Amino acid sequence: MKIFYKTRATATGGRSGRTELDDGSLGFDLAQPGTDKSGTNPEQLFALGYAACFDSALSLVAQQMKLDTTSKTSVEVGIGQRAEGGYALDIDIHVETSGISRDEAQKLIEATHQVCPYSNATRGNVDVRLHVTAA
């Protein structure tokens, strides 16, 4: 695989610590959900990245499919305990499109799910559900 870009982040203190990009351009104090501590959590960070990546991939795929649409992508990320032990993520991707039919939008998000790097990274080991709204 030809690598186009690579970044590095470092975390200290786990879910109650801090994480930041090694170049210093972005950092977050972390807090576990349900605590009084102010901060974000890894699931929120994953949701941010996945939403941006999927929406970008959707624009590329729409162009390839010759569809003139605009989109808004929201990603919900949950975490839970697996029956066999350990933890797993649970993901819902919600895409709103405009200017195309619901059928075209459904085909578009399914094709995008095959292209998006986050989708490719999670495929087969994370439950991901696709939801589409066409306006």
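These notebook entries record what I looked up in a predicted model.

**Entry 1**

I found 3 strands in an open sheet, ordered β1-β2-β3, with antiparallel pairing. β1 (9-12) and β3 are the edge strands, each with a single partner, so one side of each has no neighbour in the sheet. On average, neighbouring strands of this sheet are turned by 10 degrees against each other, direction ignored. I noted for background that strands of a sheet pair through backbone hydrogen bonds. Between β1 and β2 (residues 18-21) I recorded 4 bridges.

**Entry 2. The loop between β3 and α1**

Pro33 lies in the loop between β3 and α1, and Thr40 lies in the loop between β3 (27-29) and α1 (42-64). Is Thr40 buried or exposed? I recorded a relative accessible area of 13% for Thr40, which counts as buried because the cut-off is under 20%. Leaving out residues up to four places away in sequence, Thr40 touches Phe28, Asp29, Leu30, Ala31 and Leu45. The side chain of Thr40 also makes a polar contact with the side chain of Gln44, at 2.5 Å.

Pro33 is exposed, at 57% relative accessibility. Apart from its neighbours within four places in sequence, Pro33 is in contact with Arg15 and Asn41. I noted that Pro33 and Arg15 are 18 residues apart in sequence, with 9.2 Å between their C-alpha atoms.

**Entry 3. Helix α1**

I then followed the chain into α1. This helix has 23 residues and spans 33 Å from its first C-alpha to its last, close to the 33 Å expected at 1.5 Å a residue. At the start of α1, a side-chain oxygen of Asn41 comes to within 3.0 Å of the backbone nitrogen of Glu43. After the helix comes Lys66, which has a positive phi near 60 degrees.

Which residues of α1 are buried? I listed Glu43, Ala47, Gly49, Tyr50, Ala51, Cys53, Phe54, Ala57, Leu58, Val61 and Ala62. I kept in mind that an α-helix has 3.6 residues a turn, so residues three or four places apart point the same way. The cover over the buried residues of α1 includes β4 (70-81), β5 (87-98), α2 (102-115), α3 (117-122) and β6 (127-134).

**Entry 4. Salt bridges**

How many salt bridges does the structure hold? I recorded 9, and looked up several of them.

Glu96 forms a salt bridge with Lys72, with 3.9 Å between the closest N and O atoms. Glu96 lies in strand β5 and Lys72 in strand β4, so this pair ties together parts that are 24 residues apart in sequence. Both ends are partly exposed, Glu96 at 42% and Lys72 at 47%.

Arg129 forms a salt bridge with Asp92, where the closest N and O atoms are 2.9 Å apart. Because Arg129 lies in strand β6 and Asp92 in strand β5, the pair links parts that are 37 residues apart in sequence. Arg129 is partly exposed, at 32%, whereas Asp92 is buried, at 13%.

Salt bridges with shared partners join Arg18, Glu20 and Asp29 into one network. Within this group, the side chains of Arg18 and Glu20 meet at 3.0 Å, N to O. Arg18 is partly exposed at 31% relative accessibility, and Glu20 is partly exposed at 36%.

Methods
Residues are numbered from 1 along each chain as its sequence is written. This is a predicted model: local features need pLDDT of at least 70, side-chain atom pairs count only at pLDDT 80 or more; totals for chains, interfaces and linings use all residues. Side-chain values use heavy atoms; hydrogens and water are left out. Helices (H or I, at least four residues) and strands (E, at least two) are DSSP runs, numbered from the N terminus. Buried means under 20% relative accessible area, exposed over 50%, partly exposed in between (1.4 Å probe, protein chains only). A polar contact is a pair of N or O atoms within 3.5 Å; within protein, one must be able to donate a hydrogen and the other to accept it, and residues adjacent in sequence count only if both atoms are side-chain atoms. Contact means heavy atoms within 4.5 Å. Two strands pair if DSSP finds at least two bridges between them. Axes are lines fitted to C-alpha atoms, for helices over the stretch in contact, and angles run from 0 to 180 degrees between N-to-C directions. The expected span of a helix is 1.5 Å times one less than its number of residues. A salt bridge is a side-chain nitrogen of Lys or Arg within 4 Å of a carboxyl oxygen of Asp or Glu.
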